[in-house]
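Trainee: I am new to this structure and would like to go through it step by step. Please show it first.

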Amino acid sequence: MLFARHHKDKRHGLLLDHPLDDPSCCRECAALCCRSFPNIDLTWEEYLRLEELGATRLHFSLYGPHKLIIENGCEFLDGNRCGIYEARPAICRRFFCRPAPD
């Protein structure tokens, strides 16, 4: 057999209407949410805060939400952990990922 079968865990992402700080499932995660999306929307305040923190992959927009480009991994990842956890954007605080039901 040329290609070994890989078992992939199916995940279900949810965007909650309230922040969820320090969920236990995130402690053992491989930062899938920080690697799986092309970008995240930012408010102007978040854009400025990330700029102060040294973000190099910011997208300024005159007509829509500003963005942080996270395609192929967020630049603030430190291994599989958020390097700016206390200063992370609101959308990151609201995102929750859990195993998908079979």
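Mentor: Contact means heavy atoms within 4.5 Å. This is a predicted model, in which local features need pLDDT of at least 70 and side-chain atom pairs count only at pLDDT 80 or more, while totals for chains, interfaces and linings use all residues. Residues are numbered from 1 along each chain as its sequence is written, and side-chain values use heavy atoms, with hydrogens and water left out.

Trainee: Which residues does A87 touch, not counting residues up to four places away in sequence?

Mentor: A87 sits in the loop between β6 (81–82) and α2 (90–94); helices (H or I, at least four residues) and strands (E, at least two) are DSSP runs, numbered from the N terminus. Its C-alpha atom is separated by 9.1 Å from that of L53, 34 residues apart along the chain. With residues up to four places away in sequence left out, A87 touches R49, L50, L53 and R93.

Trainee: What pattern does the chain follow, read along the sequence?

Mentor: The chain has two helices and seven strands. Read along the sequence, they give β-β-α-β-β-β-β-α-β.

Trainee: Which residues form the nonpolar surface patch of about 620 Å²?

Mentor: Patches are made of residues with over 30% relative accessible area and no salt bridge, like charges being joined within 9 Å and nonpolar side chains (Val, Leu, Ile, Met, Phe, Trp, Tyr) within 5 Å. Accessible areas come from the Shrake-Rupley method with a 1.4 Å probe; for residues, only the protein chains shown count as cover. W44, in helix α1 (residues 44–52), is partly exposed with a relative accessible area of 40%. The patch is made by W44, L48, F60, L62 and Y63.

Trainee: Is S61 buried or exposed?

Mentor: S61 lies in the loop between β3 (58–59) and β4 (66–69). A polar atom of its side chain lies 3.0 Å from the backbone nitrogen of G64. The relative accessible area of S61 is 16%, so this residue is buried.

Trainee: How many residues apart in sequence are the parts that D41 and K67 tie together?

Mentor: A salt bridge is a side-chain nitrogen of Lys or Arg within 4 Å of a carboxyl oxygen of Asp or Glu, and by this rule the count comes to one. D41 forms a salt bridge with K67, with the closest N and O atoms 2.5 Å apart. Because D41 lies in strand β2 and K67 in strand β4, the pair ties together parts whose separation in sequence is 26 residues.

Trainee: What is the phi of N72?

Mentor: Most residues other than glycine have a negative phi. N72 lies in the loop between β4 and β5 (77–78) and counts as exposed at 74% relative accessibility. Although N72 is not a glycine, its phi is positive, at about 65 degrees.

Notes: Buried means under 20% relative accessible area, exposed over 50%, partly exposed in between (1.4 Å probe, protein chains only). A polar contact is a pair of N or O atoms within 3.5 Å; within protein, one must be able to donate a hydrogen and the other to accept it, and residues adjacent in sequence count only if both atoms are side-chain atoms.
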